[in-house]
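Subject: Structure for you to look at, with notes

Dear colleague,

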Amino acid sequence: MVALRELESHGEPGALVYLSDCVELMRMMPAGSVDAVFADPPYRLSTERGITVKGGRLAPVDKGHWDRSMGFEEDHRFNLRWLREARRVLKPDGTIWVTGTHHIIFSIGFALQTLGSRIINSVAWEKPDPPPNALHTAFTHAHETIIWASRGKGARHTFNYDLINSPDPASQVSSVWRIHAVPKREKMHGYHPTQKPLRLVRRALLASTGEGDLIFDPFCGSGTTAVAAKELDRFFVGAELEREYAELTARRIMAAERGGVLREISETLWDGA
Ligand SMILES: C[S@@+](CC[C@H](N)C(=O)[O-])C[C@H]1O[C@@H](n2cnc3c(N)ncnc32)[C@H](O)[C@@H]1O
């Protein structure tokens, strides 16, 4: 496995994505080696019959074969398997974030607590612009849940209260996060069907980690966690099973690195102004 100094690029924390199954990768990682895990696992909501609305038209819900359910019990076994490894690679005071909808989030919550983790927050990510319910048979699905958990008993997790909140005690940031869908500029390096907005992941990492910490994402997808980690000067390691998406992650990491250089130039100009 990589040592932290191998992740140094241009003297800044670097980022690395492995084309690998996440459980296989985590089994090679030392116990207690990462400060935080941010995981956006398969929600298992792609079915033959699922229908949504895309660009005003009915469209099948098909994110890819990796998102197909293997049956409730097998899905739960999968969640237990990767969460057990994720918890093992976490430092004693590290924390784990897991996103999900009702299709998997109860399994995730149950698995985390079965393994001994303690849920710190269950965040509701409210989407101001959800697609309408296509068949008029249910309320519009307008939120996802993000579970934030520590390793469990005795753990002292980081919460950067002052970085997240304004000094006004009457306006604390709550567990309801109203964040728009991914803006076009974040999709310029390629397409992923379930890309998360940078703003959401950035908030989670800013709240729970410090500069120079190591962040791990078992399900990189388009690499949103990697970009957020780079932007915040954290180290990053991740796994992605599909070559197409691992390459997209790598492209976004490279672009974020160039962004870092551009930022330095503009800061220099500002200093001299
Ligand atoms: C929900 S998406 C993650 C999206 C990501 N958060 C983003 O913002 O782009 C889940 C990703 O996990 C990958 N995946 C599924 N099973 C995996 C496994 N066992 N190991 C590693 N990656 C896996 C899928 O190919 C998919 O790209």
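Among contacts in the protein chain between residues at least 6 apart in sequence, 72% join residues at least 24 apart, where two residues are in contact if their C-beta atoms, placed from the backbone, lie within 7 Å. Please bear in mind that this is a predicted model, in which local features need pLDDT of at least 70 and side-chain atom pairs count only at pLDDT 80 or more, while totals for chains, interfaces and linings use all residues. Residues are numbered from 1 along each chain as its sequence is written.

The protein chain has 7 helices and 12 strands, these being DSSP runs numbered from the N terminus (H or I and at least four residues for helices, E and at least two for strands). Its radius of gyration is 19 Å, close to the 19 Å that the globule rule gives for 273 residues, so the chain is as compact as a globular protein of that length; the radius is taken over C-alpha atoms, and the rule is 2.2 Å times the number of residues to the power 0.38. Of the 273 residues, 34% count as buried, a residue being buried if 20 or more other C-beta atoms lie within 10 Å of its own, exposed if 12 or fewer, and partly exposed in between, with C-beta atoms placed from the backbone.

An open sheet is formed by 8 strands in the order 3-12-11-4-7-9-8-10, with mixed pairing; two strands pair if DSSP finds at least two bridges between them. Strand 3 (15–19) and strand 10 (176–178) are the edge strands, each pairing on one side only, and the twist averages 20° from one strand to the next. Strand 8 (residues 118–126) runs antiparallel to strand 9 (residues 143–150), joined to it by 8 bridges, whereas strand 8 and strand 10 pair in the parallel sense over 3 bridges. Ala 124 has Thr 145 as its bridge partner in strand 9 and stands opposite Val 176 in strand 10, while Trp 125 is partnered by Glu 144 in strand 9.

Helix 2 (residues 72–89) lies across strand 4 (34–39), strand 7 (90–100) and strand 11 (214–217), and runs at about 145° to strand 7; such angles run from 0 to 180 degrees between N-to-C directions, with axes fitted to C-alpha atoms, for helices over the stretch in contact. Helix 6 (residues 224–231) is mostly covered, with 7 of its 8 residues buried, among them Thr 224 and Lys 230.

Around the ligand there are 19 residues, of which the closest are Asp 40, Phe 219, Gly 221, Ser 222 and Thr 224; a residue counts as near if its C-beta atom, placed from the backbone, lies within 6 Å. This shell divides into 8 nonpolar, 6 polar and 5 charged residues (Ala, Val, Leu, Ile, Met, Phe, Trp, Tyr, Cys and Pro count as nonpolar, Asp, Glu, Lys and Arg as charged, and the others, Gly among them, as polar).

Arg 44, in the loop between strand 4 and strand 5 (51–54), counts as buried because it has 23 C-beta neighbours inside 10 Å. His 136, in the loop between strand 8 and strand 9, is exposed, with 6 other C-beta atoms within 10 Å.

With best wishes
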